[in-house]
Amino acid sequence: MLTAIYSQFDLWVSAGLLPSMFAYDFLINAILASLMIGPLLGLLGTLVVVKRLAFLSEAVGHSALTGVSIGILLGEPVTAPWISLFTFSILFALMLQWVKGRSTVPYDALIGVFLSFALALGAALLLYVAKHVNAHLIEQVMFGSVLVTAKGDLWILLVMSVLVFVLAWCYGNEAYLVAISPEVAHAQRINVRLHDYGFVLLIALVTVAAVKIIGAVLVGALLLIPAASARLIAANLKQMVLWSVLISTSSALLGVLMPMYGEWAISSGPAIILFACVWFGFMLLIRQLNRGEA
């Protein structure tokens, strides 16, 4: 399938319909990754913002450092320690949710405790890992670039995208009701605890799937900035979801294409975040103008 897509872009370039940069396979991979990561993080980001769990995605993303270190120590490939990466991040998220239900510590403080533990453990293991492999390879896994997206990464993203959109189609309304008013959801016999566990598990899966491709920092940014921008002007939840997906996807595409087309001295990751921040500023301006007219 990917070969056919590469060939089609080559034909468009040969016909003069697209700039020559679209003849590079790595750019097509980056575009395909952006078209999956954008809607995926834009959709989940609305729930993260509504549930006020911005810190959670950051904690799960940074816990990947420990997962990568454990995987390398156990003999997994340095550039793709998927088993340990997914296993540790999922256990991290589920344990956090379990402790939350059994303590009176505020959730943000609890996330801070878990994040500190994961970073400390990851940093300690990194000393042992650095004796066996080049530490820059770990940096590549942690702060990956969308321009080096491999075919295997695209398939993992595709599986995660299908999973998230099927779950959103089947249980999206219940999930938003649980996020907005857990008491009302409980009164309607919706299993609030199951939804909470399912949500943190989904955040862990999506975060880890995207971390290797775009990096932990960028995952957190695309989960938060588009949804926060959409909330500034959205009149209802449906508008917020649509705006968030649009902002997230367009930021990812512009961040990949514009630096390469304009030969800017900036990598794709920071460019994606900056375009998302431009969207935030634009939405903030619209909100202020609307208030002025009211």
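## Exercises on a predicted model

The largest pocket here has a volume of about 770 Å³. Keep in mind that you're looking at a predicted model.

**Exercise 1. Work out which residues and helices line the largest pocket, and what kinds of residues they are.**

*Step 1.* Start from the middle. The lining has 28 residues, and Leu 167, Ala 168, Tyr 171, Gly 172 and Ala 175 lie nearest the pocket's centre.

*Step 2.* Now find the helices. At least two lining residues come from each of helix 2 (25–50), helix 7 (151–180), helix 9 (192–214) and helix 11.

*Step 3.* Which helix gives the most to the lining? That's helix 7, with 13 residues.

*Step 4.* Sort the lining by type: you get 21 nonpolar, four polar and three charged residues.

**Exercise 2. Decide whether Ser 248 is buried or exposed, then find what it touches.**

*Step 1.* Locate Ser 248 in helix 11, which runs over residues 237–261.

*Step 2.* Check its accessibility. Buried means under 20% relative accessible area. Ser 248 is at 0%, so it counts as buried.

*Step 3.* List the contacts, skipping residues up to four places away in sequence: Ser 248 touches Ile 37, Gly 38, Leu 41, Gly 42, Leu 222 and Pro 226.

*Step 4.* Zoom in on Gly 38. Its backbone oxygen sits 2.8 Å from a polar atom of the Ser 248 side chain. A polar contact needs a pair of N or O atoms within 3.5 Å.

**Exercise 3. Explore the largest nonpolar core, using Leu 56 as your way in.**

*Step 1.* Get the overall picture. This core has 73 residues, and Phe 22, Leu 56, Tyr 107 and Ile 214 have the most contacts inside it. Helix 2 gives the most to the core, with 15 residues.

*Step 2.* Follow Leu 56. Once you leave out neighbours within four places in sequence, Leu 56 is in contact with Leu 96, Tyr 107, Ile 111 and Val 200.

Note on methods. Residues are numbered from 1 along each chain as its sequence is written. This is a predicted model: local features need pLDDT of at least 70, side-chain atom pairs count only at pLDDT 80 or more; totals for chains, interfaces and linings use all residues. Side-chain values use heavy atoms; hydrogens and water are left out. Helices (H or I, at least four residues) and strands (E, at least two) are DSSP runs, numbered from the N terminus. Buried means under 20% relative accessible area, exposed over 50%, partly exposed in between (1.4 Å probe, protein chains only). A polar contact is a pair of N or O atoms within 3.5 Å; within protein, one must be able to donate a hydrogen and the other to accept it, and residues adjacent in sequence count only if both atoms are side-chain atoms. Contact means heavy atoms within 4.5 Å. On a 1 Å grid over the protein atoms alone, a cavity is a set of points where a 1.4 Å probe fits but cannot get out, and a pocket is an open set with protein on both sides within 12 Å along at least five of seven lines; lining residues have an atom within 4 Å of a point. Grid points are joined across faces, edges and corners, and a volume is the space filled by probe spheres set on the points. Ala, Val, Leu, Ile, Met, Phe, Trp, Tyr, Cys and Pro count as nonpolar, Asp, Glu, Lys and Arg as charged, and the others, Gly among them, as polar. A nonpolar core is a set of buried Ala, Val, Leu, Ile, Met, Phe, Trp, Tyr and Cys residues joined through side-chain atoms within 4.5 Å.
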